[in-house]
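Look at the sequence and the fold before going on.

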Amino acid sequence: MAKKIPMRQCLGCREMKPKRELVRVVRSPQGEISIDLRGKAPGRGAYVCRDSACLKQALRSRAIERSLDTPIPQELCDALIAQMEVPDGT
């Protein structure tokens, strides 16, 4: 029997994709918001594609704010977009 693949919905393009293909934006128990590339950080998470365009769309529509149940200041939005555009190797 094949192992079930967990699926999550991207908040930018609204497509269902395998969890491993998405990046998790997480709100830690202390209230800090960051990008969790490993998907293991504790806290409430929201998923977006590994594309800065999907992250920008999710921020523009405030989908991440609703999902994480916290307002996101513009400076943090810019930092998340910059962090997403950095290649995976660094």
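Helices and strands are DSSP runs, a helix having at least four residues and a strand at least two, and they are numbered from the N terminus. The model is predicted.

Q: In which loop is Ser-28 found?
A: Strand β3 covers 22–27 and strand β4 covers 33–36. Ser-28 is found in the loop between β3 and β4.

Q: Is Ser-28 buried or exposed?
A: Buried means under 20% relative accessible area. The relative accessibility of Ser-28 is 14%, so Ser-28 counts as buried.

Q: Which residues does Ser-28 touch, not counting residues up to four places away in sequence?
A: A contact means heavy atoms within 4.5 Å. With residues up to four places away in sequence left out, Ser-28 touches Pro-42 and Gly-43.

Q: In what order do the elements of the protein run from the N terminus on?
A: The protein has 3 helices and 5 strands. Read from the N terminus, the order is β-β-β-β-β-α-α-α.

Q: What is the radius of gyration of the protein?
A: For 90 residues the globule rule gives 12 Å, and the value for the protein is close to that, so the protein is as compact as a globular protein of that length. Along the principal axes, its C-alpha atoms fill a box of roughly 45 × 25 × 25 Å. The radius of gyration is 13 Å.

Q: What percentage of the residues of the protein count as buried?
A: The protein exposes about 6,100 Å², and carbon and sulfur atoms supply 50% of this area. Residues are counted as buried when their relative accessible area is under 20%. Of the 90 residues, the buried share is 34%.

Q: How many disulfides does the structure hold?
A: A disulfide is a covalent bond between the sulfur atoms of two cysteines. Here a pair of cysteine sulfur atoms has to be within 2.5 Å to count. The number of disulfides in the structure is 0.

Q: Which cysteine has the sulfur nearest to that of Cys-10?
A: Cys-10 is in no disulfide, and the nearest cysteine sulfur is 3.5 Å away. Cys-10 is buried, with a relative accessible area of 0%. The nearest cysteine sulfur belongs to Cys-49.

Q: How far away is the cysteine sulfur nearest to Cys-54?
A: Cys-54 is buried, with a relative accessible area of 11%. Cys-54 is in no disulfide, and its nearest cysteine sulfur is that of Cys-49. The distance is 3.8 Å.

Q: How far apart in space are Cys-49 and Cys-13, C-alpha to C-alpha?
A: Cys-49 is in strand β5, residues 44–49, and is buried at 6% relative accessible area. In sequence, Cys-49 and Cys-13 are 36 residues apart. In space, their C-alpha atoms are 8.0 Å apart.

Q: What value is phi of Arg-14 near?
A: Arg-14 is found in the loop between β1 (7–9) and β2 (16–18). Arg-14 is partly exposed, with a relative accessible area of 48%. Its phi is positive in a residue other than glycine, near 65°.

Q: Is Asp-69 buried or exposed?
A: Asp-69 lies in the loop between α2 (63–68) and α3 (74–85), and its phi is near 60°. Exposed means over 50% relative accessible area. At 64%, Asp-69 is exposed.

Definitions and conventions
Residues are numbered from 1 along each chain as its sequence is written. This is a predicted model: local features need pLDDT of at least 70, side-chain atom pairs count only at pLDDT 80 or more; totals for chains, interfaces and linings use all residues. Side-chain values use heavy atoms; hydrogens and water are left out. The radius of gyration is taken over C-alpha atoms; the globule rule is 2.2 Å times the number of residues to the power 0.38. Buried means under 20% relative accessible area, exposed over 50%, partly exposed in between (1.4 Å probe, protein chains only). Accessible areas come from the Shrake-Rupley method with a 1.4 Å probe; for residues, only the protein chains shown count as cover.
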